[in-house]
Structures are given as structure tokens and as C-alpha cells.
Amino acid sequence: MNPLLSELQPYPFERLRQLFAGVSLPSAHSPISLGMGEPRHPTPAFIKEALTASLDGLASYPATAGEPRLRNACAAWLQRRYGVTVDAAAHVLPVNGSREALFAFAQTVIDPTRAGATVVCPNPFYQIYEGAALLSGAQPYYAPSDPARNFAVDWDAVPEEVWNRTQLLFVCSPGNPTGAVMPLDEWRKLFELSDRYGFVIASDECYSEIYFQGEPPLGGLEAAAKLGRTDFRRLVSFTSLSKRSNVPGLRSGFVAGDAALIQAFLLYRTYHGSAMGPAVQGASVAAWSDEEHVVENRTLYRKKFAQVTPLLAGVMDVKLPDAGFYLWAKVPDALGMTDADFARELLAQYNVTVLPGSYLAREAGGFNPGAQRLRMALVANAEECVEAALRIVQFIRSRT
């Protein structure tokens, strides 16, 4: 058995299951889950039609590099969305969702024979970063975030000795769970660090199309191009259709960036057996080629957040995020309970599921930046999200 498996921590939803063990659900309230970030808006009909129209391809083995029409569709989307021009054959590779790709990319990039191999990631963070680091033979380093700056990562707090042994940096913008978006100056800092220490940057951008202000979030490739790094050296961005197009079950996304890294990743994936099925490729081409359904999807989220955020802000420290579909709320100090206690009692009394923020972070420097926070995924329909918010308000007021 791979001994590195023993280093993995329980996934947040396994911890949540354990937390809720023995809870008697109240019959007076129907269940509403704000716990898992699983898109629940309807999948557009044209994507389903494109999926079934491509079933004839099941008779052939798909190429790991994907069909040219899919890579071209991805490249065209990058041009429309970010104004970035790439060579579809050299800079783009289809993947089976960003989660699988983020994990596999670490296995491609990390050299575990180098002493002290390190992967830096933000804290709090998407748990795949940690697992990918550990199973690649590296050790994760949790870069601290600052609650006073909307949980922006304090990259200056990472010691030089850590940067010296860093091989891979995970960034997430828009962030999970905070929704914060990295500005161009932050990207400039990271590119300078990458040039100085030679590490690769993996930019997780799966929430890029759900945003609440006028300007769409800045992407990693876009930032690189603005700063004259048109070769995208040591940079690969990861994006997905799951949130953008409401097709989490399709397991479809793509990576784009440094041609040499893409070539190495293709080699790894060829042996790993990660080719995307032809029907999924057909549906993906249709999805990446259409923006109307994305605008409609974004409008639904904006309406929900406009309804829910003010309700919760009346009793909690919470505000509209830059992007994404999470609210990152603080447990009121007056309640005198932990984030895990809050989640358990809320379920027991009002049948609403939220995720304790401490489950999404690690204690580093004597502090868990997710402690006393709650992640609420506004993925259900508007009526359910508003009802959940009203129950949370009632729960807090009944205790204060």
C-alpha cells in the first residue's frame, strides 16, 4: 500500500458526516443544503443535445490530446473571454474536470527526489491541493491569508527558505471559499517570485464566470499577457464547465499555458488513461462556443446573492464576494460557539446544512484562518436559499 495515503486528512464532507452523526433532524423543516458546492441550475438543453448527437464516436478510442475542434473551441473562448491568443495545438489540453487535472498536474510537475520538495497553497484552500502535494511526494506549505483584506494571501509572509524549495504554487482566483479575485499587482508579484525561484504556478479558475461586479475576474493567462509574458512561462491555468455551464456530471474542462508544461502533462495523461470521451467532447464544444447560457446563469446567481446577503448581513459579518457562489460568513461572537458547533446546531434545529470554515483550512502559525467562518453555497434555487437564510437569521436571533 502506498504509505503516502496515510498522510491524507479526511475530506471536509467526511468530517461533516462525522459531525452530523447522531443528529435528529427536525420534522418541521424540510432539508436545505448550502454545504456542497455542486451547481444545481438546470443543464442547458443544447448541451444535452450535443452530447447525444456525438454518441457515434463511442465506437473509437479518443485521443488524449482531444479532437482539434475541441481545442480550437477552448482557444477561441480564451480569445473572447480574456483577449489572449494561444496556439490550440501547443497551449491547450482538454481534461476531465479541473479537480482531476489539478491533482494530476502535481504528479507531473513535482520531483520528489529533490530534498524538501514543497507545494505552496493558500489557506483556506480547495482540499485537492493538499492531497495532490502529499501524494506527489512533496510537503504542502500553507500561505497565510488576512481576514482584514478579504482573506487575500500574504505572499510576503512566506519565508525565502520555503520559496527556495517550492516546485509548485497553487493559486485560486476567484477563491474558494472566499470569492476573492487576484489583481494584476498580485500576479506581478507571483511571476517575479516564479522567475526568482523557478517554481510552476497552477491557476485554478473554475469560478471565473460567476461574478457580481461589472468587470469579469482577471485570469492568469490574461495577467501574463498584460505583463508581456506571452509565452506563459511556468504558468498553467485550469478552467471547467461545471460551474460555468451547470454540467458538473460532464466532467469537462481544459488547461492552457506554457507549451512545455502542456506537452509534459499530455505525456503523463497518455499513460494515466485520461482521454475525454467523444460524446463529452461534442457537448463541450457546444458549451464553450455559447455565452448566452452563461449570462443567464450568472444572472440567477446575482439575483440570489442580492436577496440572501442583506438578510444574513443583519445578523452576521458577511458581504457580497467578488465572485464565485459562496458566502464566507463569520459566526457571531455573541453566540459563544465554534463554527462546527454552529453547523451542527443549525442542522439539528432548522435542517440547514452549512460547512464549517475550519474544515477548509489548516492551522499554521498557531492560527486556523477558517475558524469561526462558515461557507454557504448558494446553489439551490432562490426560494430555498432565501428560506435557508431566514432560518439562519432565526437561529442566531433565538440565541442572542
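"Buried" here means under 20% relative accessible area. With that in mind, here's a quick tour of this predicted model. The chain splits into domain 1 (3-42 + 293-398) and domain 2 (45-290), and their centres, taken over C-alpha atoms, sit 26 Å apart.

**How the two domains meet**

- On the contact count, 36 residues of domain 1 touch 41 residues of domain 2.
- Putting the two domains together buries about 3,500 Å², and carbon and sulfur atoms give 59% of that.
- Over on the domain 1 side, His293, Asp322 and Arg362 lose the most area to domain 2, and together they make up 18% of what that side buries.

**Helix 12**

- Helix 12 (residues 278-288) has 11 of its 11 residues buried, so the rest of the structure largely encloses this helix.
- If you want to click through them, the buried residues are Pro278, Ala279, Val280, Gln281, Gly282, Ala283, Ser284, Val285, Ala286, Ala287 and Trp288.
- The cover over helix 12 includes helix 2 (45-53), helix 3 (68-82) and helix 10 (241-245), plus strand 9 (235-240), strand 10 (253-257) and helix 13 (292-313).
- Trp288 also belongs to an aromatic cluster, along with Trp77, Tyr82 and Phe254.

**Helix 13**

- Helix 13 runs for 22 residues and spans 32 Å from first C-alpha to last, close to the 32 Å expected at 1.5 Å a residue.
- Its buried residues are His293, Val294, Asn297, Arg298, Tyr301, Lys304, Phe305, Val308, Thr309 and Leu312.
- As a reminder for reading that list, an α-helix has 3.6 residues a turn, so residues three or four places apart point the same way.
- Among the elements covering those buried residues are helix 2, helix 10 and helix 12, as well as strand 11 (326-330), strand 14 (373-377) and helix 15 (382-399).
- Leaving out residues up to four places away in sequence, Thr309 touches Val318, Lys319, Leu320 and Leu327.

**Aromatic pairs**

- The model has 21 aromatic pairs by the rule used here.
- Trp163 and Tyr197 have ring centres 6.5 Å apart and planes at 20 degrees, so they count as stacked.
- That pair also links distant parts of the chain, with Trp163 in helix 7 (residues 160-165) and Tyr197 in helix 8 (residues 184-197), 34 residues apart.
- Trp163 is buried at 3% relative accessibility, and Tyr197 is buried too, at 15%.

**Charges over rings**

- Arg15 has its charged end over the ring of Tyr359, 4.0 Å from the centre.

Technical notes
Residues are numbered from 1 along each chain as its sequence is written. This is a predicted model: local features need pLDDT of at least 70, side-chain atom pairs count only at pLDDT 80 or more; totals for chains, interfaces and linings use all residues. Side-chain values use heavy atoms; hydrogens and water are left out. Buried means under 20% relative accessible area, exposed over 50%, partly exposed in between (1.4 Å probe, protein chains only). Helices (H or I, at least four residues) and strands (E, at least two) are DSSP runs, numbered from the N terminus. Contact means heavy atoms within 4.5 Å. Rings of Phe, Tyr and Trp (its six-membered ring) pair if their centres lie within 6.5 Å; planes under 30 degrees apart count as stacked, over 60 as edge-to-face and the rest as tilted. A charge sits over a ring if NZ of Lys or CZ of Arg is within 6 Å of the ring centre and within 35 degrees of the ring normal. The expected span of a helix is 1.5 Å times one less than its number of residues. Domain bounds come from an automatic or database domain assignment. Buried area is the accessible area (1.4 Å probe) that two parts lose on being put together, summed over both.
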